[in-house]
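Dear colleague,

Here is the structure I promised to pass on to you. Please open it alongside this message and read the notes below with it in view.

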Amino acid sequence: GTDTGFDMIPVQTLQAHLALGLISCIIGLRAFGTERENRWREAQSGLNISMYFLAKVTGQIFEIAILGTFFTLMFHFLTAPLIPASHMVAILFGLSWAMTPFGMIFSIFMPPVTAMI
């Protein structure tokens, strides 16, 4: 048979990717879900919606970086996978960086109750 290389990836690493992706989406849900009324009120007073969005995203950059880094370091400390810690930090930081906007997009279109998950 052919060797795909998927047997080389430990199951706990895949579970860590899934867990961090879900946590990142939940953090993104808090970006706009509870402030929907404030956003529209400020838009009616003349504030640019795209600048409001950019300010909220910029404010969450530090939170995204802390989440990805601490989650990775704790996971690496508890499970001791065969992957070096620097590679894990880079991969899971990128995952956190990529999944948080999905939660932000969901928070724009979903009712504000979902932001309190």
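The model is predicted, so local features need pLDDT of at least 70 and side-chain atom pairs count only at pLDDT 80 or more, while totals for chains, interfaces and linings use all residues. Residues are numbered from 1 along each chain as its sequence is written, and side-chain values use heavy atoms, with hydrogens and water left out.

Helix α1 (residues 11–29) and helix α5 (residues 85–109) have axes that come within 6 Å and cross at roughly 40 degrees; helices here are DSSP runs of H or I with at least four residues, numbered from the N terminus, and the axes are lines fitted to C-alpha atoms over the stretch in contact, with angles from 0 to 180 degrees between N-to-C directions.

Ser-107 belongs to helix α5 and is buried, with a relative accessible area of 1% (buried means under 20%, exposed over 50%, partly exposed in between, with a 1.4 Å probe and protein chains only). A polar atom of the Ser-107 side chain lies 2.7 Å from the backbone oxygen of Met-104. Leaving aside neighbours within four places in sequence, Ser-107 is in contact (heavy atoms within 4.5 Å) with Gly-28, Leu-29, Phe-32, Gly-33 and Arg-36.

Phe-93 and Trp-97 are 4 residues apart in helix α5, and are therefore separated by about one helical turn. Phe-93 is partly exposed, with a relative accessible area of 29%, and Trp-97 is also partly exposed, at 43%.

Best wishes

Notes
Helices (H or I, at least four residues) and strands (E, at least two) are DSSP runs, numbered from the N terminus. A polar contact is a pair of N or O atoms within 3.5 Å; within protein, one must be able to donate a hydrogen and the other to accept it, and residues adjacent in sequence count only if both atoms are side-chain atoms.
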